[in-house]
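The sequence and the structure are shown first.

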Amino acid sequence: MSRRPGHVTTGPYAPPVPRTTLTVTSADGARLYAEVHGPEDAPAVVLAHGWTCSTAFWAPVVRDLAAGHKVVLYDQRGHGRSPAAGPAGHSTHALADDLVAVLEATLRPGERAVVGGHSMGGMTIMAAAGRPQLHERAAAALLCSTGAAELPAESRVFPLRSPQARRRAHRLMLHSRMPLGPVSPLARSALKYATMGPGATAEQIEACARIVHACPPGVRARWGKVLAGLELTGGADRLELPTAVIAGTADRLTPVVHARRLASVLPDCRGLTELPGLGHMTPIEDAVAVAGRLRELVDDHLRTTETGSGVPEAAADGTGGAAEVPRAPRQKKEKTA
């Protein structure tokens, strides 16, 4: 019997067909699946997905951006179509190596990009903050539904009163190797509770469930252990790029306190956007807002040269801005700090 695909195959959350695919080799020899959408000479956006996800997670954002942008996606090691690494290959250092390798493999000489990361993808960008290659290749960054440290202590999946009990419960969740099994009604309900806002649609829940359930339990546990001990506050302090932050106010995995903390320590924060009532899966729950913020960063910090070479360059004035984000119809308000 054929295995069910690790993503939905029809509708707005089905992954679009890439223009090209490639295999990227990281510093330790790990092989990463990557794909490119949109015109080659358009301004570039490079996106890193989160824990237990895959390139398919970005599908609605890619559909929004690809007509006018070169969009690069890759599967984090062990996720999607990237093979799992050995025991030594699970660290924030490895995540940073992988991002740098993808940037070097997919961007042309002199080409720069806006880099965006959701959850563990945002942590990947912070982990790479000290790498000269990131600053050479990235013109700006978007940190989406992510945090730099203290994930078990701040998470609210288990709303226990005791801080110690809450930390212990979330550590156990992150370390768990328990198979998630097939996508059932109970599994959908659990996933919605833990990762999405109350207004998430059935289509959105199904899209997320298919992706998360496709992640191998061992991979989930090994990266969960890395997240349980995460300490990237120094990385956020060193991320000297124009950086925007976006988060859902109903996020239980990385509550909005993380986003507010990041906005306060980033050297060049270009605004914090809080999406009322949304959970952790913001690129699927409100792709319009996430794509809109990425588009603003491109408009503010990448410019196509007048010679028509198609190689984006940093805006000369570097002023940027935190313009109001396009919103999905159900959003009532947003906060820009």
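The text below describes a strand, its two partners and a histidine in a loop.

The model is predicted: local features need pLDDT of at least 70 and side-chain atom pairs pLDDT 80 or more, while totals for chains, interfaces and linings use all residues. Residues are numbered from 1 along each chain as its sequence is written, and side-chain values use heavy atoms, leaving out hydrogens and water.

Strand β3 covers residues 44-48, and five of its five residues are buried. Buried means under 20% relative accessible area, computed with a 1.4 Å probe on protein chains only. Ala-44, Val-46 and Ala-48 point one way from β3, whereas Val-45 and Leu-47 point the other way. Strands are DSSP runs of E with at least two residues, and helices are runs of H or I with at least four, numbered from the N terminus. Two strands pair if DSSP finds at least two bridges between them.

| Partner of β3 | Residues | Sense | Bridges |
|---|---|---|---|
| β4 | 70-74 | parallel | five |
| β5 | 113-118 | parallel | five |

Ala-48 stands opposite Tyr-74 in β4, and Leu-47 has Gly-116 in β5 as its bridge partner.

His-69 lies in the loop between α1 and β4. This histidine is buried, with a relative accessible area of 7%. A polar atom of the His-69 side chain lies 3.0 Å from the backbone oxygen of Leu-65. Beyond its neighbours within four places in sequence, His-69 is in contact (heavy atoms within 4.5 Å) with residues including His-37, Pro-43, Val-45 and Arg-295.

Methods. Buried < 20%, exposed > 50% of the residue type's maximum accessible area, 1.4 Å probe, protein only. Polar contact = N/O pair within 3.5 Å; in protein donor to acceptor, adjacent residues only side chain to side chain.
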